[in-house]
Amino acid sequence: MKIAILTGAGVSAESGLGTFRDVGGLWTQYDLNDVATPQGFARNPALVHDFYNARRTNCAEAVPNAAHEALAALATGAHDVTLITQNIDDLHSRAGSPDVIHMHGQLMRALCAACDASWDAPLVMSPQDPCPDCGAIATRPDVVWFGEIPYHMETIAHAVTSADLFVAIGTSAEVYPAAGLVELAQGRTLEINLEPSARANAFDDHRFGPATQIVPAWVAELR
Ligand code: OAD
């Protein structure tokens with residue numbers, strides 16, 4: 001079976017990485033206009049680097065949980081699995097998932113805003129870091145901000161459209177285009193989340209509960 005999976009912050013919540021919109025979530029502590037837009041970065045690059053430096057450290061200290069591990073195991077089985085994530089952490093890869101599609105970029109990568117070169121980010125980035133390729137002082141985290149176009153959209157649209165099963169895991173479905181991918185699905189659709197998301201009605205099937213319990217149980221049924 002061809003399976004396309006979209007994950008969000010809920011899949012990493014039990015690894016200790018905060019979600020965005022839950023109680024105490026990142027967007028209740030920070031104004032996303034300051035730290036997750038090109039305009040915010042132009043206004044105050046040091047603040048934006050501080051925000052992502054803190055998240056990079058948290059990510060480096062976190063370990064993959066049972067949900068990441070079950071999804072990695074699924075990819076080594078009989079099914080043809082495409083794993084798409086909105087998460088900028090690297091927990092899917094560290095759990096062993098191959099070819100993770102990071103539609104919102106990666107915390108562990110740096111990007112030159114002048115020449116588009118990208119490279120492994122140091123743990124602590126600063127506005128003064130020069131680009132290793134062109135030398136410009138225009139280094140930013142390689143993450144997609146509000147107002148920017150997510151990565152790999154053509155590949156993602158093709159994977160979702162051609163899948164027999166589309167599964168969204170741990171996402172509030174508040175952010176587009178990720179939240180609209182369910183509309184592209186031609187096969188069956190399943191939402192796995194702590195609670196019904198904003199797009200819950202668009203899914204055929206639902207399983208509600210913590211990802212570390214629900215995802216391994218679902219994967220065990222499929223394998
Ligand atoms: P949100 O914080 O919006 O939503 C997280 C979802 O995970 C919520 O629906 C929670 O109910 C659910 N959840 C929390 N803990 C869970 C658990 N243990 N098991 C299962 N589900 C759980 O995060 P995303 O939907 O990923 O983009 O947010 C989407 C995008 O908004 C992010 O990629 C980021 C953010 O702004 C950018 O920064 C561009």
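**Note on the predicted model: core contacts, sheet, aromatic pairs and backbone**

1. Met103 is located in the loop between strand 3 (101–102) and strand 4; helices (H or I, at least four residues) and strands (E, at least two) are DSSP runs, numbered from the N terminus. This is a predicted model, in which local features need pLDDT of at least 70, side-chain atom pairs count only at pLDDT 80 or more, and totals for chains, interfaces and linings use all residues. Residues are numbered from 1 along each chain as its sequence is written, and side-chain values use heavy atoms, with hydrogens and water left out.

2. Is Met103 buried or exposed? With a relative accessibility of 0%, Met103 counts as buried; the term means under 20% relative accessible area, with exposed over 50% and partly exposed in between (1.4 Å probe, protein chains only). Apart from neighbours within four places in sequence, Met103 has contacts (heavy atoms within 4.5 Å) that include Leu6, Ile84, Val144, Met153, Ile156 and Pro177. The C-alpha atoms of Met103 and Ile149 are 9.0 Å apart, although 46 residues separate the two along the chain.

3. Pro177, one of the contacts of Met103, belongs to the loop between strand 7 and helix 8 (181–184). The peptide bond that joins Tyr176 to Pro177 is cis, with omega about 10°.

4. Three strands form an open sheet in the order 5-4-6, and their pairing is antiparallel; strands pair if DSSP finds at least two bridges between them. Strand 5 (118–120) and strand 6 (139–143) are the edge strands, each pairing on one side only. On average, neighbouring strands of this sheet are turned by 45° against each other, direction ignored. The antiparallel pairing of strand 4 (residues 105–112) with strand 6 runs over five bridges, and Ala110 has Pro141 as its bridge partner in strand 6.

5. Helix 4 (residues 45–61) packs on this sheet, where it touches strand 4 and strand 6, and its direction makes about 140° with that of strand 4. Such angles run from 0 to 180 degrees between N-to-C directions, the axes being lines fitted to C-alpha atoms, for helices over the stretch in contact.

6. Asn53 is placed in helix 4 and is buried, at a relative accessible area of 10%. Its side chain reaches the backbone nitrogen of Met125 at 2.8 Å. This is a polar contact, defined as a pair of N or O atoms within 3.5 Å; within protein, one must be able to donate a hydrogen and the other to accept it, and residues adjacent in sequence count only if both atoms are side-chain atoms. Leaving aside neighbours within four places in sequence, Asn53 is in contact with Leu123, Val124 and Met125.

7. How many aromatic pairs does a search of the whole structure find? The search finds seven; rings of Phe, Tyr and Trp (its six-membered ring) pair if their centres lie within 6.5 Å, and planes under 30 degrees apart count as stacked, over 60 as edge-to-face and the rest as tilted. Tyr30 and Phe51 make an edge-to-face pair, at 4.8 Å centre to centre and 70° between the planes. Because Tyr30 sits in the loop between helix 1 (26–29) and helix 2 (32–35) and Phe51 in helix 4, the pair ties together parts that are 21 residues apart in sequence. Tyr30 is partly exposed, at 37% relative accessible area, whereas Phe51 is buried, at 4%.

8. Phe166 and Phe203 are a stacked pair because their ring centres are 6.2 Å apart and their planes lie at 20°. This pair links distant parts of the chain, 37 residues apart: Phe166 is in strand 7, and Phe203 is in the loop between strand 8 (188–193) and strand 9 (205–208). Both Phe166 and Phe203 are buried.

9. One aromatic cluster is formed by Phe20, Trp27, Tyr30, Phe41, Phe51, Tyr52 and Trp145. Arg140 lies over the face of Trp145, 3.8 Å from the ring centre; the criterion is NZ of Lys or CZ of Arg within 6 Å of the ring centre and within 35 degrees of the ring normal.

10. In helix 5 (residues 66–75), the buried residues are Ala67, His68, Ala70, Leu71, Ala72 and Leu74. They pack against strand 1 (2–7), strand 2 (80–85), helix 6 (91–95), strand 7 (165–169) and helix 9 (211–222). Asn65 caps the N-terminal end of helix 5, with a side-chain oxygen 2.7 Å from the backbone nitrogen of Ala67.

11. Asp99, in the loop between helix 6 and strand 3, has a positive phi near 55° in a residue other than glycine, and is exposed, at 71% relative accessible area. His152, in the loop between strand 6 and helix 7 (153–162), has a positive phi near 60° and is partly exposed, at 43%.
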